[in-house]
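Please look through the structure below, together with its sequence. The paragraphs that follow take up aromatic rings, the surroundings of the ligand and a few positions along the chain.

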Amino acid sequence: MRKKIVAGNWKMNTSAEQGEELAAAVAERSGETDGVLLIVAPPFTHLTKVADKLKGSAVQLSAQNCASEKSGAYTGEVSAAMIAGTGAKYCILGHSERREYYGETDATLNRKLTLCLAESLTPIFCVGEKLNERESGAHFDVVRTQLSNTLFNLSDEDFAKTIIAYEPVWAIGTGKTASPEQAQEMHAFIRKTLFEKFGDKALETAILYGGSCNPGNARALFSNSDVDGGLIGGASLKVDDFIAIAKSF
Ligand code: PEP
């Protein structure tokens, strides 16, 4: 049985104090979401403090990114090993904001994948098409290429550790959500594409939906057979919304 997962991407939001409060509130209410793996991804600066607040709960900690190099003279970067040292067990990679604003390419992402996996960090690997790509009907090709240029390079064993997030770029932070049908169609396509490469292991891979998911639309999205949960941006900053989404299976 595939895991049900709801992960909160806090992005560059919350002061350290707000982050601690939010983490403590999520930890406190995590008992309401039986059978769902909750993950929070605060900014780097909050990881250690949030790890402290999550102690004793089942809520897991993730980073939002990691350096593409192992260590050394890379001013301003944070390595996979440093992230693992905070107690985080997950790392979001390939978010469209990283691809778009920081020029992350598939080559960069391949390095980050390798570094994360070497530190036993589970990648939450994001793929998704832009609006013009969907409108021109190129969305399946775009996502297939994103997968084949990156995850296809993993060993079967490393692939089996990876979580995927389908995040149509046109739905992120826009208030526009993919319809449940659009989400299911793409999730099934992703699973089929992965199945062709990795066989049965793809049947165990969690594929999360991300893009303006909220308590009002989560149930319809999560009720699809290939949608195993959500990567949540804006709504993860409010504990009520985050928990309500996690109760939407
Ligand atoms: C995200 O950035 O991963 C995301 C899904 O954002 P939002 O929920 O705000 O659209």
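A charge is said to sit over a ring if NZ of Lys or CZ of Arg is within 6 Å of the ring centre and within 35 degrees of the ring normal. In this sense R98 lies over the face of Y102, at 4.2 Å from the ring centre, and K197 is placed over the face of F198, 5.8 Å from the centre of that ring. The model is a predicted one, in which local features need pLDDT of at least 70 and side-chain atom pairs count only at pLDDT 80 or more, while totals for chains, interfaces and linings use all residues. Residues are numbered from 1 along each chain as its sequence is written, and side-chain values use heavy atoms, with hydrogens and water left out.

A residue is near a molecule if one of its heavy atoms lies within 4 Å of it, and 14 residues surround the ligand, the closest being K11, H95, E167, G173 and S212. For the classes of residue, Ala, Val, Leu, Ile, Met, Phe, Trp, Tyr, Cys and Pro count as nonpolar, Asp, Glu, Lys and Arg as charged, and the others, Gly among them, as polar; by this scheme the shell around the ligand has four nonpolar, eight polar and two charged residues.

Of the 300 Å² of accessible area that the ligand has on its own, the protein covers 96%, where accessible areas come from the Shrake-Rupley method with a 1.4 Å probe and, for residues, only the protein chains shown count as cover.

Helices (H or I, at least four residues) and strands (E, at least two) are DSSP runs, numbered from the N terminus. K11 belongs to the loop between β1 (4–9) and α1, and its phi is near 55°, a positive value in a residue other than glycine. S212, found in the loop between β7 and α10, has a positive phi of about 55° as well, although S212 is not a glycine. S212 is buried, with a relative accessible area of 18%, since buried means under 20% relative accessible area, exposed over 50%, and partly exposed in between (1.4 Å probe, protein chains only).

N217 has its place in the loop between β7 (207–210) and α10 (218–222) and is buried at a relative accessible area of 15%. A polar atom of the N217 side chain lies 3.0 Å from the backbone oxygen of S212, a polar contact (a pair of N or O atoms within 3.5 Å; within protein, one must be able to donate a hydrogen and the other to accept it, and residues adjacent in sequence count only if both atoms are side-chain atoms).

The aromatic rings come next. Rings of Phe, Tyr and Trp (its six-membered ring) pair if their centres lie within 6.5 Å; planes under 30 degrees apart count as stacked, over 60 as edge-to-face and the rest as tilted. A search of the whole structure finds five aromatic pairs. The pair of F140 and F189 is tilted, because the ring centres are 4.8 Å apart and the planes stand at 55°. This pair links distant parts of the chain, with F140 in helix α7 (residues 139–148) and F189 in helix α9 (residues 180–198), 49 residues apart. F140 is partly exposed at 23% relative accessible area, whereas F189, at 12%, counts as buried.

F152 and F198 form an edge-to-face pair, with 6.2 Å from centre to centre and 90° between the planes. F152 lies in the loop between α7 and α8 (156–159) and F198 in helix α9, so this pair ties together parts that are 46 residues apart in sequence. F152 counts as partly exposed at 22% relative accessibility, and F198 is buried at 5%. F152, F159 and F198 form one aromatic cluster.
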